[in-house]
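Subject: Structure for you to look at

Hello,

Here is the structure I said I would pass on. Please open it first, then read the notes below with it on screen.

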Amino acid sequence: MSSLGHDIYHGIGIARIELRRSLRKSFRTRKRKLAVLGFVALFSPTLFFWGSIAYDAGKEAMRQGKLPIDLIGVQLSLLVVVFVVMGALRVVQQGRPEGESLLLTATSPRAVLIGQTVHSTVQLVGFVLFPTVLFAGAFALGAGQPSVLLTAVLAVAYFSRLCRYSEPSWVNSSYWGSCGVGGSGQPVAPSDSSFSWY
Amino acid sequence: MGSDSLTEAHDRERGDDTDLAIRTNELTKSFGDHVAVDHLNLAIPQVHVYGFLGPNGAGKTTAMRMLTTLLPPTEGTATVMGTPLTDREAVTRHIGYLPEDPPVYEELTGLEQLSYAAFLHDIPDEVGTGRIKDLLFRFDMTDYADRRISTYSKGMRQKIGLIQALLHEPAVVFLDEPTSGLDPRAARTVLDVIEELVDEETTVFLSTHILSVVDELADTIGVLHEGRLVAEGSPDDLKHRAETGEERTLEQAFLEVTADHQESEDTAEIQS
């Protein structure tokens, strides 16, 4: 039986390809591009309205002299769980994955499930990512702490980069280390080959 | 050869599975009351082209999906390269599968698709890049590798699907209607590749309803009708009418074999 680390490695590769596909699908035709633009145009004023509220909330929190970090932490953790559950439910609802005869004759069903769930979760997060960053940014600005947001963005970007360019060896014992979760694993330099995308 | 005598012949041959590429014992798949594959017994040697013939709905694809671990059998057992189907991971290492509708993604380029397949098969970068390059060249697809698959013709998709099935150099390749919808030139390429595969010591399990394809390529032909194996033998065996000694075309043989079984079933139904 394939190891969990190996399945996670394959799952992340599957999720990357699925994300690439869904992004390309979203912008494939002129009609779809226009639909995305229309969606953005429709909701942008609302975002700015909520952004100003977040800014005021940040100012108020600063005036009171303390940020409820514990509460925010718990809420954020719950939010992550909610997204993962929603992503998993979407996968169950969708049924058989596209290209199942390739996926299931090349890797384990567990890897496919992990890949589809990660893709679905990231897609859901992607829908709310821009408004979330906007609100968090406005709140941090209001609180006079713009570096909080910048640090979070840089941390996410760094983590993604570490995982993106790791070679298959990180599947084994060095997996968590090379992804920056403890251990002494170091990122591997980006490869120039045609396979560097995974 | 009737299905009972075929079963007996397989029983006699039954023995060491390690010499066989594919062995099935009473392999059956039912969907509710409908029996799609009915007690199928096959013993296919290694480095062999096995032509799996049958009309639409005969159960060819269902049998193939069971042998590629995509469908669990309702009854019976099977091994691929001596490995039981229950050991899914080991079986999938030995097989390549090209279904009738190739599993390729329209949003990717040909090269991205093949790189993805290489990644899933755990082929190291340096090996995979070389193999992809060679196979693209062999299939005359090098110039189109960076184009999105959505812009490909049916034949080009079929070629990418076939390259994908061969990328990890499997010992057994399952091809479901590999020439369907292809123009004569593309079909010729696919047939030439199948011949080359056997030279490279690969076993090919070829499902089709195009008789000329199996007549040209197959070492053994099995005819499936309503889920049952109703005839099996070399193309020459099937063309030779044992009762009268006269020769017939493969098409005539196919029609006679499937009609015989249809008639006997109808008679049995009326009697019951």
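In helix H2 of chain B, the buried residues are B:Lys60, B:Thr62, B:Ala63, B:Met64, B:Arg65, B:Met66 and B:Leu67. The helix runs over residues 60-67, and with seven of its eight residues buried it is mostly covered. Just after H2(B) comes B:Thr69, which has a positive phi of about 70 degrees. Please keep in mind that this is a predicted model, and read the rest with that in view.

Next, the aromatic rings. Over all chains, the structure has seven aromatic pairs. One of them joins B:Tyr50 and B:Phe52: the ring centres are 6.2 Å apart and the planes meet at 45 degrees, so this pair counts as tilted. A second pair joins B:Tyr50 to B:Phe205, with 5.6 Å from centre to centre and 10 degrees between the planes, and this pair is stacked. B:Tyr50 sits in strand S3 (residues 49-53) of chain B and B:Phe205 in strand S8 (residues 203-208) of chain B, so the pair ties together parts that lie 155 residues apart in sequence.

B:Phe52 is at 0% relative accessibility and counts as buried. B:Tyr50, B:Phe52 and B:Phe205 belong to one aromatic cluster together with B:Phe174.

How many cavities of 30 Å³ or more does a search of the whole structure find? It finds three. The second largest cavity holds about 80 Å³ of space. Its lining draws on chains A and B. From chain A come A:Ser101, A:Leu102 and A:Thr105. From chain B come B:Ile95, B:Gly96, B:Tyr97, B:Pro103, B:His121, B:Gln164, B:Ala165 and B:His168. The elements that give two or more residues to this lining are helix H4 (100-106) of chain A, and strand S6 (95-98) and helix H6 (154-166) of chain B. By class, the lining has five nonpolar and six polar residues, and no charged ones.

Regards

Key. Residues numbered from 1 in each chain as written. Chains lettered and ligands numbered in written order. Predicted model: local features only at pLDDT ≥ 70, side-chain atom pairs only at ≥ 80, totals over all residues. Heavy atoms only, no water. 1 Å grid on protein atoms, 1.4 Å probe; cavity = no way out; pocket = protein on both sides within 12 Å on 5 of 7 lines; lining within 4 Å. Points joined across faces, edges and corners; volume = space filled by probe spheres on them. Helix = DSSP H or I, 4+ residues; strand = E, 2+ residues; numbered from the N terminus. Nonpolar A, V, L, I, M, F, W, Y, C, P; charged D, E, K, R; others polar. Buried < 20%, exposed > 50% of the residue type's maximum accessible area, 1.4 Å probe, protein only. Phe/Tyr/Trp six-rings, centres within 6.5 Å; stacked < 30°, edge-to-face > 60°.
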